[in-house]
Each structure stands twice: as C-alpha cells, then as structure tokens.
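Hello,

Here is the structure I promised to pass on to you. Please have a look at it first, and then read on for my notes.

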Amino acid sequence: MTIRSRIIGVGGYLPERVVTNAELAARVDTSDEWIIERTGIRQRHVAAEGQKTSDLAIAAARKALAHAGLSGADLDLIVVATATPDNTFPATATRVQAALGMTGGFAFDVQAVCSGFIFALSTADNFVKSGQVKTALVIGAETFSRILDWEDRGTCVLFGDGAGAVVLRAEDGRGTNQDNGILSTHLHSDGRHYDLLHVDGGPSSTQTVGHLRMEGREVFRHAVSNLAAVVDEALSHNGLSAQNLDWLVPHQANKRILEGTARKLHLSPDRVVMTVDRHANTSAASVPLALSEAVGDGRIKSGDLVLLEAMGGGFTWGAALVRM
Ligand code: UT7
C-alpha cells in the first residue's frame, strides 16, 4: 500500500468589504484602466477593522471541514501558511486549533509568503506519508491590507485579504488504474533575492510591523522563469506532460503571469483557474481560494489532474501535482 494525502475537503473565505480600483484611484495616482491592463485586477476584499488573519483562517477551515464531513476533533495537524500572523507569536495556527475544538495533535505556522500554501501543503503531506499524521488541515490566510503602504501605488493596488483551506487524509494512493492524492511536491528558495520583495519591518530588525516593498518588474521576470521551471519539474518527475493536466491552479499575482505560464505549457486558458480579477493577490491564500472556488462550482472534479504552483518573497517557489 502507498500512503498518499487525498484532498477530501476545500473551503475559502473572503472578507465582506470589496475595494474597487476606482476607490484606490481616489487615493493614489492610478486608474482602473492601468490596474486592469497591467494586472487583470478589478477589485480586492479587505478585512474589517479588528478582523484578524485567524478569523479568516477559521472561517475557511470551518467550510473545508464541513465539506470533508469532519470536525476539528478529527484533526491531527493544522498548518497555517501566513506572512501576516495575528501576533509575532504564538503561531496563528494554535488560535485556529483552539477555535476548532482540536485538543490533540499539533499546530504550527509556515512562512514562505506567497508560496506559503505550497510549502505548508508539502509539509503536511510529508507528515501524512510518514504515517505520523492521518488527518491534516492546511490553510493559507493573509491580511496583507495591514502591511501595505497605502500611499505606494506600485504595491497597494495589487493585494487583497482572504483565506483558503484544504483537509488532507491518509489513504491508499494506488487506485485501480491511476495514482490518487498528492503525487509530488517541489519546493525551492533563493535567498539572494531577499530584498526584491520584503517587508521593511519586523521584531528583531525595527521593532515595527513595517510595510511591503517590491521591485515589481524584477519579481515579474523571476516569477515567469521560476514558475515555468518548477511546473516542468513536477510534470517530468511524474512522467507526465502539460497535455495530461486537467487544471492549472496558479498563484494569483498578475493575470499576465498566469497567461504567460499557460502559454508556455500550451495549455488552453480555460484550463487555468483565475481569481486574480476579483481577489487580487492574497499571498498564501490565493491557491487554496482558487482551488476551493473551482471545486465548489464543479469545474474541478474527482479524478482530475491538477497542478498547483506559486512564487513569492525570499524568493520562494514551488508546485504540487494532485490527482483529486
Ligand atoms: O506574489 C508575489 C509575486 N508578485 C508578483 O508576481 C508581482 C510581479 N510584478 C508585477 O505584477 C508587475 O511588475 C506590476 C504589476 C507590479 C507592475 O507592472 P509593470 O508593467 O511591471 O510596471 P512597472 O513596474 O514597470 O511600471 C511601469 C510604469 C512606471 O511608470 P514610469 O516609471 O514608466 O513612468 C510606474 O511608476 O507604471 C507606473 N505604475 C503605475 N501607474 C499607475 C506603477 N504602479 C502604477 C499604478 N498606477 N498603480
């Protein structure tokens, strides 16, 4: 028997308040046309005053658990991917653990910014494959609105708040005629690019929270090449080609990056799940939010071959190939 992690539940949560491009154009020197043309973003959700990353994470987690037909007490592990934790410590995951009524097992955060969900999924998957954990909840949750410089038009138009979650369960991954579950995950980082996308604050450097700073054009250039490489790596590791893919669920940073990746793979755009137009870049939440939307509306079905990928600060980047 080959133990694999099956995704048995998905869920997403977006804060109620929607901020349009027009609202931002009233605050900084930008326009709806520029934002749509350069990024594909039309709007983003922003957390209400006092609404924390854990609140978003808990809401998404409850939906994923309900979808899986499980409760918090059934979980052995929670991994929360976030770069915007409620507090410097403890881990936001422990707050989620308490809210879900999970008293056993263990919960911790993973920090890989926009790639965080792929890193968290890979971490949880390895606990499942090793036999240490049977049921895991993996969440990407962010409130980037709290770390944006709302005077900087180069960054404040790009991000939104949200959370997405998946429930993993250890199952025999060998189906009758194909392997099921998470087939493989592939992680990378290159710390030489630390400064190209970073927050200029932190407990041990400035004792402030700080604001997000990004060299957008440089990040874009690296994103296109790193994502193409990691997608190839995931497919060739499994002896598959892009033609075998039913769906690509990419990190939602910029519509032009999504389209570039699809073009490189010769993948029709209608096989690519896109939410960036409505969610903007929700960092670690973007991939599980997109996945839960496409599963929820029936596009992604059981048995579909799905490739998840992301790239973010660090740089970090990664991919996961999943038979749903
Ligand atoms: O999630 C982690 C990964 N993050 C990403 O993948 C983001 C990657 N980067 C991008 O998506 C794009 O680089 C941006 C959307 C950030 C910027 O688009 P761009 O086409 O690379 O624009 P640019 O930075 O080269 O700037 C072009 C011009 C500049 O003006 P000048 O110097 O040519 O006069 C900017 O000042 O656009 C200007 N600009 C804006 N204009 C109107 C920058 N931001 C804005 C804005 N509104 N919001």
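Two strands count as paired if DSSP finds at least two bridges between them. With that in mind, strand β12 (residues 305-312) and strand β13 (residues 316-323) pair in the antiparallel sense, over eight bridges. Please remember that this is a predicted model. The mean pLDDT of the protein chain is 97, and 99% of its residues reach 70 or more.

Is β12 mostly covered or mostly uncovered? It is mostly covered, with eight of its eight residues buried. On one side these are Leu-305, Leu-307, Glu-309 and Met-311, and on the other Val-306, Leu-308, Ala-310 and Gly-312.

The peptide bond from Gly-314 to Phe-315 is cis, with omega near -10 degrees, and Phe-315 sits in the loop between β12 and β13.

There is another cis bond, from Phe-89 to Pro-90, with omega near 0 degrees. Pro-90 belongs to the loop between β4 and α4 (92-99). I point these out because most peptide bonds are trans, and most residues other than glycine have a negative phi.

Val-113 is not a glycine, yet has a positive phi of about 50 degrees. Its place is in the loop between β5 and α5 (116-129). Val-113 has a relative accessible area of 18%, so it is buried, the cut-off being under 20%. Ser-283 likewise has a positive phi, near 55 degrees, and is found in the loop between α9 (276-279) and α10 (286-296). Ser-283 counts as buried because its relative accessibility is 1%.

Now to the pockets. Where does the largest pocket lie? Domain 1 (3-172) and domain 2 (181-323) both give residues to its lining, so the largest pocket lies between them. The space in the largest pocket is about 950 Å³. Its lining has 31 residues, and Ala-83, Pro-85, Gln-111, Val-199 and Gly-201 are those nearest its centre. The elements that give two or more residues to this lining are β5 (106-110) and β9 (197-199), and β9 has the largest share with three. By class, the lining holds twelve nonpolar, 15 polar and four charged residues.

The second largest pocket has a volume of about 570 Å³. It is lined by 28 residues, with Leu-158, Met-214, Gly-216, Phe-220 and Asn-254 nearest the centre. Several elements give two or more residues to this lining, among them α2 (32-39), α8 (255-264) and β12, while α7 gives the most, six residues. The lining of the second largest pocket comprises 15 nonpolar, eight polar and five charged residues. Each of domain 1 and domain 2 contributes at least three residues to it.

Key
Residues numbered from 1 in each chain as written. Predicted model: local features only at pLDDT ≥ 70, side-chain atom pairs only at ≥ 80, totals over all residues. Heavy atoms only, no water. Buried < 20%, exposed > 50% of the residue type's maximum accessible area, 1.4 Å probe, protein only. Helix = DSSP H or I, 4+ residues; strand = E, 2+ residues; numbered from the N terminus. 1 Å grid on protein atoms, 1.4 Å probe; cavity = no way out; pocket = protein on both sides within 12 Å on 5 of 7 lines; lining within 4 Å. Points joined across faces, edges and corners; volume = space filled by probe spheres on them. Nonpolar A, V, L, I, M, F, W, Y, C, P; charged D, E, K, R; others polar. Domains from an automatic or database assignment. pLDDT = per-residue confidence, 0-100.
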